[in-house]
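Student: Before we discuss any single feature, could we put the model on the table and agree on what the terms require?
Tutor: Gladly; here it is.

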Amino acid sequence: MISGERSGVQNRIIEYAKEIGWNYINPDDAIRLRGGETGIIFREIFKNEMVKLNPDIDPGDIENLIKNIETVSPDIKGNREIWEYLKGLKTIFIPYKKRDLNLNLIDFKNIERNVFNITDEYKFTNGRYTIRADIIFLINGIPLFIVETKSAHKINAIMLAIDQIKRYHIETPELMTVLQSFQITDLLKFYYGPTFNVSDSNLLNWKDENNPDFESLIKSFFEKKRIISIIENYILFTEKDGEIKKVTLRQHQMRAVSKIINRCESENARGLIWHTQGSGKTYTMIVSARMILDDPKFENPTLIMVVDRNELESQMFQNLSSIGFGNIVVAETKTHLNQLLREDHRGLIVTTIQKFDGMFPDISLRKNIFVFIDEAHRTTNNKLGNFMMGALPNATFIGFTGTPVSGPKSNTFRIFGGDDKNGYLDKYGIKESINDGTTLPMNYTIAPARMLVDKETLNKEFLDLVESEGISDVEDLNKILEKNVTLKNMMKNPERIDEIAKYIANHYKNNVEPLGYKAFVVAVDREACVLYKYALNKYLPGSYSEVIMSYSNNDNENMKKYYKNEDQEKEIRKNFQNPDEDPKILIVTDKLLTGFDAPILYAMYLDKPMRDHVLLQAIARINRPYQYKTRIKKYGFIMDFVGIFGSLKKALAFDSSDIKDIEGVLKDIKELKKEFKSIIESMKKQYLDVINEKSRDKIIENILEIFKDPEKRKNYLDKYSRLSDIYDILSPDKFLSRYESLYKDLTNINSILMKTYGHENSKYHDLSKKTAELVQNNTIISRMPGDLNTYIINDETINKIRKSKESDREKVFNLLISIKKYIDENKKNSPFLISIGDRANQIAESYNNNIDSSEEVLQKIYSIIKDINNSNKEKSQLGFPKEVFAFYYLIKTAKYPYPEELSNVFLNEIKIYKSWYSNTDQERIIKRELIKNMIAKHVLNVEEIARILKDTMDKLRGAINE
């Protein structure tokens, strides 16, 4: 068995951190340094370091600073405020100097001047809730990184760790507000992310390709220089429409930024950043730009960000503004850009490549000009690139692209990567991106043959066209299509569009909408967009779909009906991102095919011939991770009504080493069907046949016996998870009908295992809507029971279970499930039950780890049932209010000899101090009265009284706030 959390994971992290220079402080000393469990900062260390880093500061000012830090607003605004303190951006008033000063909390230049500490079992309370964090990393006494560890053998260990980090944000936001980043690990994987932006789909994978062992992961991430750099450079706060969001750069972005900064230190340099679509190139550009502009060694530089269309220029400006960039100038015209460069403007300029058109050579000969070029494969693909580079001959040019061009006419590698062995400075490919969870794999299917474009016409008028450097721009694509009148007319045939619209409507309602996602219809041109809108309105409510397209002066009135002004389009885009709002389908032809990120977009109904980079950029719209509540998007889907994917190699004909990766992550639905068949037949043989070989009247016992080994459970649940993913993609499909009974059997086993061993928030726990409907379908026979037996908890329960013919193992799990159900249903009115629930959880944990036998565990469970029944009777007899009886139960359980008398004291006090459970001052007054009463009895010493009362009040507060 893989070792547990503390010995196998937690202690190893501490040892590895110590080996790279972090000083360990034990939990008792940590509490002393914090001034108690309500403290956050290691006060003594913090004070010493502040004096060292800020020689003029007064001790009283340090106390004020600690107070400021520990009392910021406990939310993302406060979290940003702490980050501003750390960066030296936020001031504190210094009375004797009569002015505000920026203080240095961290020395970012001389790293070894800082103090690096690590501690574990970090217990923190805010008076309402108490948490115990596994590991905390501190710099200069400030806790900045929190690590939650789990044992790898636990079902869905990573998700359990996420749930705890989320719970910490809810229960103790005061601590989380100071912390800047969280890490979670189960020994096998190591993830990180920003506090106040925690989600299952936003986990950032950390890896060490050269040394993939756990030690290397820990040491490479917590290396001092890297940790300092994360705080200084790689955390971003963005603000849009009044909403603050927090971002931490992914590993490949950090790597690229570091390489860009190093390259920009060379004179007249170039470099290519080849990062796949959807992997965050914009943030890589922005962080690199900020670091260059802020670094004195670049001597007050000019940095130009170049995009290739006006809407992207506006989008880039909004991205920069949202992050708080000052001194941004958007070049409004060619003349304006010319003027900025001639007048030696310093700072950040955003412009389109078109504004370099006709610019004279040698406009500026300065060397500290840095040009970042977005979508570099097409931006520099013509004379505009020559004008730009000629105007700034000594500048450094860094190109960014997800799809580099390598043909004889235009070659992104040659333009930007001449100094690099492989033609690029940094690469982050499609397959690596999917493995990291940065982007998602995609599945496709080709529509029924009767709806497809005639293959000969498609080849002749489109796919066979020789574009040696590939089609790199949607405008170029549209020009090619404009010439192909026969192909376009064939595609816009009214009968064809009507049949496809009906097919799309049925597919969306049955396959996509039940998953909670949205879709694009990509039409061949603007006229086809309108035709599709009319057709879809026949089969779906009109509110389901909207047309987003550009204008043309030659449009007729029918086309103009679907024009959207800027505000209308903005509102439609916003509503499309909202799962609870219409539209559900956007009909587009070129607008939104690049630069529009809508993670909720799952399906693309493609009815426009595409090739090369344009095809990749279009389908990359569906590869963004997305999570809404418990719904996690795992794939994107393409329905091809053209037939492009039947000739994928021809459609992706450009020379790219990514082509094999592309083929590997674009899966035909036919391949998924083969995989489904293989998995379900394997699981039938491995599990169902084995279970059914045994006595049919003991199926539950057989299941529990087979899966008592945690590795077998995990193996089963992983296989089932993949099977259910594919089922969701395929369903409804007649292919599945032959497997529905088997799938229902396996689903029932999954439910039994989750109820028995799992966690209520586990990814394995919630059945998808499609699977749930199949399970509830009584016409589909399952040989497996759909649920475990449950018992009503009362005086008869123990006698009933003793008479039962179930095995001891079944009795254990059935009773544990019954107790959990009873407590969940009654804890609101009987909060004392929560403490009993904790005991039941501990029993279950020891049983799952094979510490106790079934017989021993049954006796412990019987004791719990007796306790529940007896306590319910006692509650009725005493007549205490629910919270007072909970106090009585806890103090009695702690073996205090006068629980009833003390509970009456508690009752009298809470009548006066009604907000004691959320008000620490009121709780302190109540505690004082309780202690006075307990001391008067002369049965316990002061230390024992303090311990019992603190434990009781902590548990009681937690139960009431549950």
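Tutor: Two strands are said to pair if DSSP finds at least two bridges between them, and strands themselves are DSSP runs of E with at least two residues, while helices are runs of H or I with at least four, both numbered from the N terminus. This is a predicted model, in which local features need pLDDT of at least 70 and side-chain atom pairs count only at pLDDT 80 or more, whereas totals for chains, interfaces and linings use all residues. Residues are numbered from 1 along each chain as its sequence is written, and side-chain values use heavy atoms, with hydrogens and water left out.

Student: How do you know that β19 and β27 are paired?
Tutor: Strand β27 (residues 666-668) is joined to β19 by 3 bridges, and since the requirement is at least two, the two strands count as paired; they run parallel. Met442 stands opposite Leu666 in β27. β19 also pairs in the parallel sense with strand β26 (residues 636-640), over 5 bridges, and there Thr445 has Met639 as its bridge partner.

Student: What makes β19 largely enclosed?
Tutor: A residue is buried under 20% relative accessible area, exposed over 50% and partly exposed in between, with a 1.4 Å probe and protein chains only. In strand β19 (residues 442-446), 4 of the 5 residues are buried, so the strand is largely enclosed by the rest of the structure.

Student: Why are β14 and β18 said to stand at the edges of their sheet?
Tutor: The sheet is open and holds 7 strands in the order β14-β15-β13-β16-β17-β12-β18, with parallel pairing. β14 (328-330) and β18 (426-428) each have a single partner strand, so one side of each is left without a neighbour in the sheet. For β18, strand β12 (residues 270-275) pairs with it in the parallel sense over 3 bridges, and Ile273 stands opposite Asp426. As background, strands of a sheet pair through backbone hydrogen bonds, either parallel or antiparallel.

Student: Why is Thr185 called buried, and what surrounds Thr185?
Tutor: Thr185, in strand β7 (residues 181-185), has a relative accessible area of 0% and is therefore buried. Contact means heavy atoms within 4.5 Å, and, leaving aside neighbours within four places in sequence, the residues in contact with Thr185 include Val9, Ile13, Val147, Phe190 and Phe214.

Student: How do you know that the length of helix α10 agrees with expectation?
Tutor: The expected span is 1.5 Å times one less than the number of residues. For the 14 residues of α10 (residues 251-264) the span should be 20 Å, and the end C-alpha atoms are 20 Å apart, which agrees. Because 10 of its 14 residues are buried, α10 is largely enclosed by the rest of the structure; Met254, Val257 and Ile261 are among the buried ones.

Student: What covers the buried residues of α22?
Tutor: The buried residues of helix α22, including Ala528, Val530 and Leu536, are covered by elements that include α21 (494-512), β20 (518-522), β21 (545-547), α23 (557-560) and β22. Helix α22 (residues 526-539) reaches 21 Å from its first C-alpha to its last, close to the 20 Å expected.
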